[in-house]
Amino acid sequence: KVAIKGIERELICPACKELFTHPLILPCQHNVCHKCVKEILFAFEDSFADGGSESSNQSSPRIKISSSSMDRIDRISRSGIKRNSLTPRSSLFPCPGCQRDIDLGERGINGLFRNFTLETIVERYRQAARAAIAIMCDFCKPPPQESTKSCMDCSASYCNECFKIHHPWGTAKAQHEYVGPTTNFRPKILMCPEHETERVNMYCEICRRPVCNLCKRGGCHANHRVTTMSTAYKTLKERLSKDIEYLISKESQVKAHITQLDLLLKETECNSERAKEEASRSFEKLYHVLEEKKSAALRAIETSRNLRLEKLQMQAEEYQGLLENNGLVGYAQEVLKETDPSCFVQTAKQLHVRIQKATESLKSFRPAAETTFEDFVVDIAKQEEILADLSFHSNGLEVPEINEEQSRMYNKALISWECPGKTDSADIYVLEYHKLNRDEESVAWQEVEVCSKSKVISDLDDDSSYAFRVRGYKGSICSLWSREVVLRTPPAPVFSFLFDDKCGYNSERLLLNSRRTSVESRAGFSLLLGSERMQVGCYTTLDYIIGDTGIAKGKHFWAFHVEAYSYLVKVGVVSSNKIQKLFHNTHDVTSPRYEQDSGHDSGSEEAFFDSLQPFTLITVGMKKFFIPTTPTAPKDPASRILPLPSSLGICLDCDKGKVGFYDAGRMKCLYECEVDCSGIMYPAFALMGGAAVHLEEPVTAKYGEYHDDI
């Protein structure tokens, strides 16, 4: 027999912290009450409507969304989820068990299986613990009698008399299956939530869930490996039984571990108290230093105050003496009354000097002391920064390093980091970033907590530089900040498109992948056959391909990667009113500078040839980037050849009529020119020989990631 009373913690819903009621199995294999799932989704969607305020969650007393879940509201709400009044339509569910955002798929809650096995165990637990009240008969006249059995086919409970009445002998109902009184009515056949009329009869080994025939034939499990339900039942039951037997056989070892854990609990308690005392002493030292500094500063201010007041008071008394019949003036008036010349001269000489000084002070009045105390302002900016960074630093926790090669800026910022020792010693990481602005005196870092070693940052300003840094946390201990890495955003919003496989696409010489994000030109028989009839001159064959989406206005940016082995690739833009001319000129072009009877200068020929092009393209190839020949370009050919960046970018400004070509890795402009944007502009590419171009994939936030260890 299973000790029902000892497994209560396995029967508690992680959301409402109560016994499960109609539990649903999430894709991450955690169980949550059906009602809790709906309430959490409703609470999240209400939070989206209210701007993510926590006050919107007060309507659901059963559910208390954690602060970490609330922090994810802003990230999920950008998807623009809406709901009706009956069913939550959000497909992203924050699992309260593993704290991950789980994708529920298009069907949402309706696509989840109900865990009938867990329901049965919960029901047995309720009966064993006497937690449930007596189950009454559903058909008795008032007052109802206590039921004695429940019919699984009728999904109802009966007393003895009512059961005989509704299940008469000799009828089909007499064959119904009945059990003891229960409220847990589970169906005899488990139906597929995707196809409600189909019973599940197979088990998908990839998704680890039961599926039906329709799921295997044309559903999302069409290409998955499946097995029969009986085989899966036998395999999983044998595996679970062996694991349980192994754990039971290790009972003595488990008890030893429990004893050790009890000791560790006591030791942890003692060590934590000791750590508190040490931390208190450290802060007491800081308080003592601050108190000493405070006392010294206040004494200095008080001393200066007294000295200044004394000087100003003396100056005020001197000026008070200049008044009539008062002080110096009154004394002088009395001296003037002296009639003896010798006595008058003896006293008047010194008095006259004092009167002259008083007269000069009246002409240029200046206070004897300053009233401001600007010299006594305490600058604590650096100390505030140091105190804000005050934490438990540990030499054993490695400082993470941001990987600049794996980090990139495109439509969003993808920041990746790693630990030098290749050991993930931190439990969580804190990524901080801020926009570099010379006008701002203080730096306001934005902070985000990350459980993995990469993070996608959205809503960054275009054409701006951002500084990033990261640190690791293990409990309350943190590492030092990593070295700051500065990345620059694209000069304009990212423009998304695919290669057009219809307009002018040459399927004989160009090869597109299935997603239309990569195109490859192969130097094969088609090129040889096209050149077989030519005997003299240099002939080139360019195969053109454009984007499937055009630009009519605004400023846009897109990036791509040209393979290093590419011989010749041209990239740029083309106007809609010149597309026909573009593809009509795809035949072989003869350059007169290479013909035997040509005496023209190559430079003038190149300028003349470029001026006749119905599009704006630049040339890359053989790991080089070639700046076009223009009147403003350097005359030295070597200075017009640059190393080919790992990723190229194009910025088209239709409003200003300019197109720029960028090193997309550093977001540095390599070349810019004017372009006619009178029509709809399309990204254009031309390839010759062996070459390949891959469009830069947008950075996407990967929701629904979870680890399935079952």
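Strands E26 (residues 555-562) and E36 pair in the antiparallel sense over three bridges. In this predicted model, Val562 of that pairing stands opposite Val693 in E36. Strand E36 also pairs with E23 (residues 518-521), again in the antiparallel sense, over four bridges. There, Val693 in E36 is the bridge partner of Val519. E36 itself spans residues 691-695 and is mostly covered, with four of its five residues buried.

The whole structure holds 17 salt bridges.

| Salt bridge | N to O distance |
|---|---|
| Arg225 and Glu205 | 2.7 Å |
| Glu404 and Arg483 | 3.0 Å |
| Lys276 and Glu273 | 3.9 Å |

The salt bridge of Arg225 with Glu205 links distant parts of the chain, 20 residues apart. Arg225 lies in the loop between helix H6 (213-218) and strand E11 (226-228), and Glu205 in the loop between strands E9 (202-204) and E10 (209-211). Glu205 is partly exposed, at 30% relative accessible area.

Glu404 is partly exposed at 42%, and Arg483 is exposed at 57%.

Lys276 and Glu273 are both in helix H8 (residues 251-320), three residues or about one turn of the helix apart. Lys276 counts as exposed because its relative accessibility is 51%, and the cut-off is over 50%. Glu273, at 37%, is partly exposed.

How values were computed
Residues are numbered from 1 along each chain as its sequence is written. This is a predicted model: local features need pLDDT of at least 70, side-chain atom pairs count only at pLDDT 80 or more; totals for chains, interfaces and linings use all residues. Side-chain values use heavy atoms; hydrogens and water are left out. Buried means under 20% relative accessible area, exposed over 50%, partly exposed in between (1.4 Å probe, protein chains only). Helices (H or I, at least four residues) and strands (E, at least two) are DSSP runs, numbered from the N terminus. Two strands pair if DSSP finds at least two bridges between them. A salt bridge is a side-chain nitrogen of Lys or Arg within 4 Å of a carboxyl oxygen of Asp or Glu.
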